Structure formats: C-alpha cells, structure tokens
Amino acid sequence: MVHLTDLIGMGKNRNLYAKREPVFPKAVDGRFRRLKWLVMAVTLVVYYVTPWLRWDRGAYAPDQAVLVDLANRRFYFGPLEIWPHEFYYVAGLLIMAGVGLFMITSVVGRAWCGYACPQTVWTDLFQHVDRLIDGDRNAQARLAKAPWRFSKIARRSAKWGIYLLIAMATGGAWIFYFADAPTLAASFLSGDAPQVAYATVAVLTGTTFVFGGFMREQVCIYMCPWPRIQTAMMDEKTLIVTYKDWRGEPRGKGRRKATLADLAAQPEALGDCIDCNQCVTVCPTGVDIRDGAQIGCITCALCIDACDQVMAKVGKPRGLIDYATLEDCASEKAGGLPKPLLKTLRHPRTFAYLGIWSAVGLAMLITVGDRSRLTISAQHQRNPAYVQLSDGHVRNDFTVKIRNMEARPRRMAVTLSGLPGGAMWAQGSSRDQAATRVETLVPANSLAKLPISVIAPGSGKAGQAFAFTVTPVSTDKDESAAAKAVFERPEGR
Amino acid sequence: MADKKVIDEATNTEFVGHEWDGIEELNTPLPRWWLWTFYATILWGIGYTVVYPSWPMIGEATAGTLGWSSRGELEAELAADAARRAPLLKAIEAVPVEQLPGDAQLMQAAIEGGKAAYRNNCTQCHGTGGAGAKGYPNLNDDDWLWGGDIKSVEYSIAHGVRNPDHAQTRMSQMPAFGRDGLMQPADIADVVSYVRTISRQQAPDAASRRGAIAFANNCAACHGAGGNGNRDFGAPNLTDAIWLYGGDTASLTETVANARYGVMPRWGEKLGNTQVKMLAAYVYSLGGGEKKIAQSDAAPPAKP
C-alpha cells in the first residue's frame, strides 16, 4: 500500500505541461448533425444579416433595425428605442437572456455549448474547412504528420487563408451593429472609418482565427467559465449525453448478448458496444463519452449520430449513446424502457425559470407600451439661490430640461403654475416679455436645455413650491409632463 | 517505494501526492500553450519597459525608446486644444463687444470662456455665482452703478473702478459728510431718514421732510433730485431695493458720514482684450444685463 504522503517530492520525472492532442473529428451524418447544421445556419444568418435589416423610424432617426448607437447614446431594437435613462430595458433583456440560458440548461443541459455557442459554431465551421482542404479524419492526420513539402505548404496556406477570410468576416460584421451598416461598410473600405472600427475588426479577426482555427476545444476546457457554472443548474432531470454502460458493457468484438435481460443469464457475454470507437472519432473535442460525463463533453450529440449508424449496421436498437437524464439512467438500469425526449421537458425547475423569464418579459412589454415620450425636469440655480431685483421683485433661475423622445421635432409650451404673481422668460428674451408661458422647439430625439428666469414678488414665503408643465403645442394626443420646482426668496419679507 | 507511481483509475492520471481531508490532487498537466502565453506576457513586459519610461535610475527613470512622457502627452493635448480654440478666439476678438449677443454661437463660446476667466479672477470678491457681498456688487441683479449694457460692463472690467494712476478708470468720490464736517450729525440723521423714505422702507415723518432739504443741498448733485442716481459718477439709485452697503439706518449713517470708496482692479492689461470681452459676455449673461446701451447709444461700434 502506497501512502499518498510518500509521493510528495517525487515528481522529478513528471511532465508539467501537456501538448495539445490534435483532434481530427470524422464527418458524420444523422439527426443531431442536421440539427447542428440548422442551428449553425440560423445563428450565422442572424449574426451577419441583422445589422442590414432596415426599420423606418421617420426622418429624424436612423433606419437600422438593430443599432447600438454608443456615440449618441441610443439603443434601437426594432420598434424599441432606448435612451440612457431607460437602460433598465437593456438590463431586462440581459436578465431574460440569462434566465433563458438557465432554463435551457436545466432542461437540455449544455445545449448552448453544443449548438449555439459562437466558439462551437465557428469551430465547427473551421472543421468543415479542414475537411474541404485536407480531407476527412485520416487524411488530416496523415497530412499533420507529413513533412513540409510543397503540397502541404499549399494546402496549409489555402486553409489558413480561408480561416483568415472567415475570421475577418466575423470581426467585420460585429462593427455594423454600432453604426449605420451601409455607410460604415463604404467608409471602412475607403479607409475613412473611425480607428476603433479597424481596431475592433483586427481584434475579433485575431481571436476568431486563433480560437476557432487553432485552440478549439482548449477554449472550452481551459478558458471558458461557463462549463464550471453550468453544473449548478443541472440536476437528475436534466438531459445529458450518456453512454448506457449497463447495455453496452462489457464491450468488445465477439459473441453478443441477445437482449438486456440475458445479462444475468450470460454474464460473460458481451454488451452492445462493439468498441468500434466511432463515438470518439467524430467527437469535435476528442472526448470518449464512454468514460462518463466530463468537462470536455459539450453535448453536441455527434457521438449519438455515429453510434446510431453503427447500431443500425449491427442490427441493434439505436440509443446506446443517447440523451438521457440521471433518473432515466436509474430506471433503465432497473429494466425500464427509454423515455421519449419530450417527457423530460416537464420539469418543475423549467417552469420556475419559465415563470421568471415570462414575468420579466411581460413587465417589460407593459412598461414599454406605457412609457412616456416626453419628460421635463427643472434644475434650480443654487448659486445664488435668488436675486434681489431693484423694483423689489425676486428672480430665480432654472435650467429646464425637456426630453422629446419622439422621432420628430415638436414645439413645446412650458407653463408656470402655482406661483402667485410669477412670470418667466427664457434666455434670449428679457423681463419685459415675461409671461406664464414660454414656447420652444425641441428637436427630434433630443434633450433641450432651456435656461429660464422666473420672477415673483419679493414678499411671500421662502421655498415656495410651484410647477413647470410642458405640453406639445399642436398634438394629436393628450400628452404633458410636469416638474416640481421651488421658488426661493429672502426670509421674513 | 518512492519511485512508484499511483494512478487514479477514473482519469488515468497520476496523483500529485497531496491529500487534504481525503481530497487528493491529480497531477493534471497545464496545457503547453498556457506556458507559451505566459512567456509571451513576460516578453511583452520586457519590451514595454524598453519602449516606455520605467526603470528608476539615480537621477531619473529611463526615458524609453519612444520618448513618451505623460507631461509631453499633456502638452500635446493642450496644444491641440489651443489650436482647436484659436479660430473661435480670433472671431471673438474681431467682433465688437456690443455685437456679440447677436451671434448666438460666438456668444455661447464667449460665455464659456468668460466663465473660466471669471472663476480664476473674479470669484474672490464677487463670489463663485456672481452674487457679490457687502461692498461687492451682485452681478446677477438689474442694478448697475456704471451701466449694465455689455459695452459698459466690458469698460468696467478693462479699466476698473477708482484705480489709482489709471487715467481711464471709472472715477468718482463721495464726500465724507460727517468726517469732514460738511454736515452736522443731526442733518445726517435727517438725510438718512429721507433716503429710507424714498426707498419705501419707512413712512414720511418730520425728520424725512427736513432731510429732503438737506438732500437737495448736498446729495442731489450726484444722486439726482429724485435720488435716482447717475451712472456718470457711479452714483447709486437710492430709491430701489438694492443696497451695496446695506439700506438700514446704521449702514446709511455710516455711508453718509464716512463715504464709501469701492475699488476694483483694472483687468485689461492683465487679461487682454479677448478675455475681458469674454468676461463681459459672461457677466452680461448672468441675467441682469441691459439690452440698451444707455449712455453711448450714438457712438459707432469701434473696430479693433
């Protein structure tokens, strides 16, 4: 018996650093492969096409459907336009994305990792490039070992050239979310685009090229925090890719058991697994799923496709490797039948997540429908708080801010109420034009700052509350907003 | 025994040999690219110290091959900013001050520049908000001793008030009626009473009626027959609600007996024409600026 403590300090021959084991996944066809194709197509189309969709918002707002306009601090998502003070909508969308991810994870485990994660999608894309240039698994492995002669150099240059093109297209598409896409595309090509655009494209091209082309599963296994977090969201009702060892073991080539029930009768007979290793050869991360659940398994289910094909060939039922929950595993081990996939969707946690997700979405929908496109606020000039005028009146100065959140310029009337004897004028006018109503034109989609002077008789209480009210001058709907303000004057007069 | 490896069955990995409460550590090697990344960051760090100033020497730190310094960067930014502002300052310099308010963009630029100059030069007496203090006029109100149109304000800033040894300064001097024996204390009390009457701070009485005569004899020459003041002499309007030194009896008695002599430095030579112009624009914008040019209406705008 070796005691662990005896081993301390004996590591002189240990290898501290491991070389990456190259992975040459074999092409496979099957239902999950087709699902992967579909998800890849949808995500790539969404990513590349979204910035080019148009949305007519009128003459005074950009007509790009999805636009994160950082320079002007406006977010546009289709009909939704978000101002900086409404950032809670973005927070709401992020919460929905987060809870949505929890929800998906609690039902189908690492579906994000296996199908939708950009690292997976682009790695998959790059692996297809490998097959296109180098051939399938065996050819790739041969070429990797081959000396650097002309044909290898040519193939490698072609492959890396295509990698680079894909990477540039990836980085290039990202910037279109942040500015008008056609304009930016033209200025990008002519060299007039802002430096940050070129820097962004360069960084994203570099990371896509390196992560998608070379690091691949290393990103999932060593760099990504998500697999570590995911475990907390999964339970015994979550679908994971499982090798049904109670059916497959002992593996090997030779005499097979007829059915599962024969296991007890013929313990020396072999299970359904013929040890063909197809599940390992098709795995994009180089995992042997028969070792059990592990961090390298992104549940892309290509091993299921491969195994199903083999099972069909040897005349066994499909699903030796399959999506299954831990509960299913227990029941199948005890002799139960495999459960249909859809059944596992009924899962209390899923409904809890769905409830939170819908509640956030619903709350956002209601507030979006109800939000006002006109606000006013009044900021009192505090230094000095009031000005004594020569005829005994007192003047207070305010900066009135009017937000016109509609995509058209609107003429606004600001009225004064609740201040006896009060009158006001805006900067540029003067006291002889003082009135209780001031009109101003607020441009589309903007915040107008209007310096306003208010006068009132010097006698009255200090700190008298009154209100500014703003109303669009010609309006088709009943809309107004009010801001409370305080009029200061000398004490005791 | 010590050269025997112990292998974890599940992962086929060797143990490190550490154990904490039954938890054992596997000797999972780090990926080699991680090591290379680590070396790359070290190389980057060394390169950084070569390119940028870093190593402390006896006198000063190494300069770095790029010659970069934060001070140099600041100077470049300041120079760029000055270059950016130069056309605007030139335009402000070229426009006669009375035409500034007519050009909204230029006026706004002048106000911003004036605000900065005000903070540096004027807040000590007039306060950060221009509210003034006893003896230092409030620049927000509508009462102007020497005129509140932008040109008069500019003149006051450029030449100052009661500056010794400056020919063009705003100049006037109120006699110290008590100290110099020009009026008897009883007459002074009567005059104070009269002034408080015309400024509607108290009802007319016998003292104020006597004071009216004394006022006509001693004060009307500068403050006007009705006490409305005269901007030629910076003589305040005594009928309004604004008092530079206080409108109560004690303050007024002190004013009449010993006179006041408020002095403001002349800023023209120190700050230059453009800054004085911008200061005038800022003061004018505080809300009490007068539209009309009260006393030099007829004078044609001077071309610089």
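**Labels and the rules behind them**

Tutor: Over all chains, the structure holds 37 salt bridges. A salt bridge here is a side-chain nitrogen of Lys or Arg within 4 Å of a carboxyl oxygen of Asp or Glu. Please keep in mind that this is a predicted model, in which local features need pLDDT of at least 70 and side-chain atom pairs count only at pLDDT 80 or more, while totals for chains, interfaces and linings use all residues. Residues are numbered from 1 along each chain as its sequence is written, chains are lettered from A and ligands numbered from 1 in the order in which they are written, and side-chain values use heavy atoms, with hydrogens and water left out.

Student: What makes A:Lys159 and A:Asp130 a salt bridge?
Tutor: Their closest N and O atoms are 3.6 Å apart, and the rule asks for within 4 Å, so the pair qualifies. Helices (H or I, at least four residues) and strands (E, at least two) are DSSP runs, numbered from the N terminus. Both A:Lys159 and A:Asp130 are buried, and they belong to a network of salt bridges that also links A:Asp134, A:Arg156 and A:Arg216.

Student: Why is A:Asp391 called partly exposed?
Tutor: Buried means under 20% relative accessible area, exposed over 50%, and partly exposed in between (1.4 Å probe, protein chains only). A:Asp391 has 40% relative accessibility, so it counts as partly exposed. A:Arg431, at 28%, counts as partly exposed too. The side chains of A:Asp391 and A:Arg431 meet in a salt bridge, 2.6 Å from N to O.

Student: How do you know that a salt bridge joins A:Arg431 to B:Asp142?
Tutor: The closest N and O atoms of A:Arg431 and B:Asp142 are 3.9 Å apart; the limit is 4 Å, so the label holds. This pair crosses between chains, from the loop between α4 (123–126) and α5 of chain B to the loop between β11 and β12 of chain A. B:Asp142 has a relative accessible area of 24%, so it is partly exposed. Across the interface of chain A and chain B, the rule finds 1 salt bridge.

Student: How many residues are in contact across that interface?
Tutor: 31 residues of chain A are in contact with 36 residues of chain B, where contact means heavy atoms within 4.5 Å. The area buried between the two chains is about 2,900 Å², of which carbon and sulfur atoms give 58%. Buried area is the accessible area (1.4 Å probe) that two parts lose on being put together, summed over both.

Student: Why is B:His166 called buried?
Tutor: Its relative accessible area is 16%, so B:His166 falls on the buried side of the cut-off. B:His166 sits in the loop between α5 (150–159) and α6 (185–198) of chain B. Leaving aside neighbours within four places in sequence, B:His166 is in contact with B:His159, B:Arg266 and B:Glu269.

Student: What makes β10 and β14 of chain A a pair?
Tutor: Two strands pair if DSSP finds at least two bridges between them. Strands β10 (residues 410–417) and β14 (residues 464–472) have 6 bridges, in the antiparallel sense.
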